[in-house]
Structure formats: structure tokens, C-alpha cells
Amino acid sequence: MASSTFILCFLAFSLLLGLVRLTKASKLEIEELSWLDDDKDEEINMVQGRHDSLRKCDFGSGKWVYDQTYPLYDATTCPYLSTRVTCRKNGRPDSDYEKWRWKPHGCNIPRFDALEFLGRMRRKRIMLVGDSIMRNQWESLVCLVESVVPTDRKTVTYAGPTMAFHALDFETSIEFCWAPLLVELKKGPGNRRILHLDLIEENAKYWRAADVLIFDSAHWWTHSDKWTSWDLLMEGKHVARDMNRMVAYQRGLRTWAKWIDLNLDPRQSRVIFRSMSPRHNRDNGWKCYKQREPLAYASHPHVPEEMMILKGVLKSMRFPVYLQDITAMSALRKDGHPSVYTQAGGDKVVKQHGTGHGSADCSHWCLPGVPDIWNEMLNAML
């Protein structure tokens, strides 16, 4: 009996001693022991750790870092770029605007890998919905992936307000749908343009079957009276000649949010709303002309009212919509706009009119350029 008690006490003491030694083990010893783990388990842990760090990362807070390995594609070989965004082809003399990547504080956005992206998006429809700046982003995303697809295995199709790039071997489509206000803008009596704040199905029918949806809507709501997109606003049977723009924006977004909540299944669809792309078109549209590098910081950080309204609407939804906040980071990139280089011989605009002529485009973005970074962020979010 005494012998059994002694053996039990000895085993308990040995176990306790082992725990103490393990507790006191150096960090180096623990790291060395980890090399004994199975390689596959280590790979899984690395991937899981990367995904955890991405979830914790605030992509919108960081700085622009010059990187000689950018851009990620060649504008001269991507056939899907519209003329207005191929700034170097149009005579822009500098190219550094193509070589900046975004470095969030405390983490990194993975470099875009076209084959990896297409592999994850196999048999999926990705649709970007919005205005011409969303078209800007669509062109960027297509150029990021198209070089790894053989010429005879890719095509572009058009249907109504949509255009779609198809990577045939992956059964993947990257689509753009023109719907700058999301809700319906229709012609009424006397050819007047009526914005229906409570109608959306005519646009939404194109989105219904998509697996990944990326939306934006802000610029068309904020156009000045001279360039406003509508003559009348309508909600139910109520017609208004004018309305506070932000009130109208909120009502339109609520109609969109209701449609998403009622029609999409979060187990089948991912929805992302990209925040407002900043414009640098004050001073008669020349604020981006001859800008050559990003701002180091924003001297007067400003949260647009549209962003506050958008966040409020997203918060009220049942469907989990992810906000892609690109506003503050892009506000630092005055250098990234086409300016006068929206067509061949852009410098002629300056020679003919001088810098007092308001024809510089400080809203859209040169490609390669800023929207490529939005798409790297989008890839990480997906």
C-alpha cells in the first residue's frame, strides 16, 4: 500500500515538474519545437492566421508607399481600358502615380494574384454596380485578371445596362451594371426625368443572381443644380420639384437596403458597399493638374455627409453588408486623376486654354492607378 502511494506521489511530482519546466521554456525552444509539426498543419495555421489578421485590419487607415514593383499590369497590353483613363497613352509625361501602394497601419494588403483570385471565384458572378467611377474600378479589376487568361478563353458581352468579362475556363464573370442612383430614373410626361425614390426592381433584376456584389452611389446625388440628374422626385404618389439632396440620398439608400434584405441570402451572396470616391475638382477643375505625388496626410480630415448616411443605413440592415472605406485614403491621391490627359494630346488643352479652363478631370482615375489598390483591398475582403 505504502509502495503504491509512493509511486503515485512520484508520478504526480514528475508531472508537476514537467509543467513547471514547460512554463519556463524559452520562446526559442517553443519555436524550435514547432518545426516538428506537420508541414500541412503549419500551412493551415499560416493561412488561418493571415485571415484573422485581415479581419482585424483597418484597411482605411494607413499611408501610401512608393513601390517599384507596381503597376500590376501594363496599360498598353490590356484591351479593356477606355481611352479616358489611359493617361500615359494620352500624353501624361510622368508615371510615378502608377507605383504607389497602400500600406494600412499594423498589417499588409496581400499583393493581387490573378490566378489565385480566379480560382477562388470559380463558377461565380462578380458584379460591380454604380456610376462611371465604378466602371473605372471594373476596368481595373478586369485588367488585373485578364493577362492570365488565354486570348481565345476570354470574352466580353453586353446586355442592357451591363457589360461582362468572362474567363471561360474558370466559368467566372466580372460584370459592371450602370445604376448610378441605384433607384429608378425614368422619363415622364413632357420628357421630364423623374427619380423614383421607392422603386428599384428595374435595376435590381440584373443583380439578383450575382454571387458577389459591389455597390457605390453618391456622386449623382450631389451634382449641382446645373448638372442635376432629375427634374422631379417621386415617392409613392407624392411628387416634389426639389428636396434636400441628402434626404433624397437616404431615402434612395433605404429602398436599396430593403431590396437587399428581402431578396438576397447571406449564405449565397456577398455584398460590399464601396464608399464615395473623392473629387479634387475645386479651383475651376484644376486642383489635380500637375500633381505628381500623394499627400502625406490630410490637413483637414473630413467625413462626407454621404458617408455618415451610408453607415447609418448599413447599420439598420439585417443582411451583413461590408463597407469598403476608400474615401480618406483616396483623398490623398490628387496625383491619380486624368486631369487634362483624357484623350490623346492632353497637353494641347493647356496650350490652348491655359489653366483657367475647367476641362481637367479630377474625378475619375488614371489606370493603372488608385482603383487597382481598391481591388487589392476588395480581394482581401473576399
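Me: Which handedness has the link of Cys87 and Cys366, and what is the angle about the S-S bond?

Reply: A disulfide is a covalent bond between the sulfur atoms of two cysteines. Here a disulfide is counted when a pair of cysteine sulfur atoms lies within 2.5 Å. The link of Cys87 and Cys366 is left-handed, with -95° about the S-S bond. It connects distant parts of the chain, 279 residues apart: Cys87 is in the loop between strand 1 and strand 2, and Cys366 is in the loop between helix 11 (347-353) and helix 12 (370-381). Please note that this is a predicted model, in which local features need pLDDT of at least 70 and side-chain atom pairs count only at pLDDT 80 or more, while totals for chains, interfaces and linings use all residues. Residues are numbered from 1 along each chain as its sequence is written, and side-chain values use heavy atoms, with hydrogens and water left out.

Me: How many disulfides does the structure hold?

Reply: The structure holds three disulfides. One of them joins Cys78 to Cys143, with 2.0 Å from S to S. Cys78 lies in the loop between strand 1 (62-66) and strand 2 (100-104) and Cys143 in helix 5, so this pair ties together parts that are 65 residues apart in sequence. Helices (H or I, at least four residues) and strands (E, at least two) are DSSP runs, numbered from the N terminus.

Me: Is Cys143 buried or exposed?

Reply: Buried means under 20% relative accessible area, exposed over 50%, and partly exposed in between (1.4 Å probe, protein chains only). Cys143 has a relative accessible area of 1% and is therefore buried.

Me: In what order do the strands of the open sheet stand?

Reply: Strands of a sheet pair through backbone hydrogen bonds, either parallel or antiparallel. Two strands count as paired if DSSP finds at least two bridges between them. In this model seven strands form an open sheet in the order 4-5-6-3-9-12-13, with mixed pairing. Strand 4 (154-159) and strand 13 (321-324) stand at the edges, each with a single partner strand, so one side of each lacks a neighbour in the sheet.

Me: Which strands pair with strand 9?

Reply: Strand 3 (residues 125-130) runs parallel to strand 9 and is joined to it by four bridges, and strand 12 (residues 270-274) also pairs with strand 9 in the parallel sense over four bridges. Leu128 has Ile214 as its bridge partner in strand 9, while Phe215 stands opposite Phe273 in strand 12.

Me: Which way do the residues of strand 9 point?

Reply: Val212 and Ile214 point one way from strand 9 (residues 212-215), whereas Leu213 and Phe215 point the other way; all are buried.
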